[in-house]
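Thanks for making time this morning. I would like to walk you through one model, going from the overall fold to the helix packing, the cores and finally one loop.

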Amino acid sequence: MVFPMAVIGFPGQSTRETHRAETHRGLVLVRVLDIVAKAVLLVLLILVAINPEWGNLEGKAPVARAVIYPMFAFVVPAIWWAFLRTRRPYPWAADLLATLACFSDILGNRLDLYDALTWFDDWMHFMDTGVVSAAVVILTLDHTATRAAVVERAIAAGLTGSLAWELFEYVSFVTRSVELNWAYADTLGDLTLGWLGSVVAALLIHATWQTFEQPPT
């Protein structure tokens, strides 16, 4: 049986060296996932723009998504290049999280999960708001931030993003959809789930930072 080297280490290797090796492997994995997610997202968006029915997005602003999602998926590289490149390494984790928020929505629509699973839309509002909040926290704070500061930043980002999304949906297609009959109640529920996703994301990030604040010696 082969055991992960992260668990058993190498003969004669110190715990600190094992920790550095684990960190490097984790960073490589995040980089690969980020690049693959961006590439697949762009392909899916091209297919959706050509044929909205292929992505189950007819009547759901497919062209607007095809324009906005690539911009959002590349907002972290733009921010880093403009303001942070001389002060910190590239934030691969934040970039991956921002990309996943767009990727998961397009994939969920392509697989018709929004219609097939009654709870999927609620899950997406909870999860996507959480990952966007996490991306903002990782991009703008560091491991020395207090729990209160992390939660505050996550809620501010999450609720702002949730409100922007609800306004986008309302303007782009809800006013011309049967969803208008229950849009108000659904919007309140979505905002509540987004708030909860932001809080959970903040607590997980802070707990992770506290756990790995100091490498083992």
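Among contacts in the protein between residues at least 6 apart in sequence, 72% join residues at least 24 apart, where contact means heavy atoms within 4.5 Å. Please keep in mind that this is a predicted model, in which local features need pLDDT of at least 70 and side-chain atom pairs count only at pLDDT 80 or more, while totals for chains, interfaces and linings use all residues. Residues are numbered from 1 along each chain as its sequence is written, and side-chain values use heavy atoms, with hydrogens and water left out.

The protein has nine helices and zero strands, both taken as DSSP runs numbered from the N terminus, helices being H or I of at least four residues and strands E of at least two. Of its 217 residues, 37% are buried; buried means under 20% relative accessible area, exposed means over 50%, and partly exposed is in between, with a 1.4 Å probe and protein chains only.

Let me turn to the packing of the helices. Helix 3, residues 62–73, packs with helix 5 at an angle of about 155 degrees, and their axes are 8 Å apart; axes here are lines fitted to C-alpha atoms, for helices over the stretch in contact, and angles run from 0 to 180 degrees between N-to-C directions. The two, helix 3 and helix 5, are therefore roughly antiparallel, since angles over 145 degrees count as such, under 35 as roughly parallel, 65 to 115 as roughly perpendicular and the rest as oblique. In this contact, residues of helix 3 including Tyr69 and Phe72 meet residues of helix 5, among them Ala98 and Ile106.

Helix 5 also packs with helix 7, at an angle of about 160 degrees and with the axes 7 Å apart, which makes helix 5 roughly antiparallel to helix 7. Among the residues making this contact are Leu97 and Ala101 of helix 5, and Val131 and Ile138 of helix 7. The contact of helix 5 with helix 7 divides into 15 nonpolar, two polar and two charged residues, where Ala, Val, Leu, Ile, Met, Phe, Trp, Tyr, Cys and Pro count as nonpolar, Asp, Glu, Lys and Arg as charged, and the others, Gly among them, as polar.

What about the interior? A nonpolar core is a set of buried Ala, Val, Leu, Ile, Met, Phe, Trp, Tyr and Cys residues joined through side-chain atoms within 4.5 Å. The largest one has 22 residues, and those touching the most other members include Leu97, Ile138, Ile205 and Trp209. Helices 4, 5, 7, 8 and 9 each supply at least two residues of this core, and the largest share, six residues, comes from helix 7. Apart from this core lies another, of ten residues, among them Leu41, Tyr69, Ala73 and Ile106.

Finally, the loop between helix 2 and helix 3 holds Trp54, which at 28% relative accessibility counts as partly exposed. Which residues does Trp54 contact, leaving aside its neighbours within four places in sequence? They are Leu44, Leu47, Val48 and Arg110, and Arg110 is 56 residues from Trp54 in sequence but 6.9 Å away in space, C-alpha to C-alpha. Asn56, in that loop, has a positive phi of about 55 degrees although it is not a glycine. Ala61, also in the loop between helix 2 and helix 3, has a positive phi near 55 degrees, and Ala61 is buried, with a relative accessible area of 13%.
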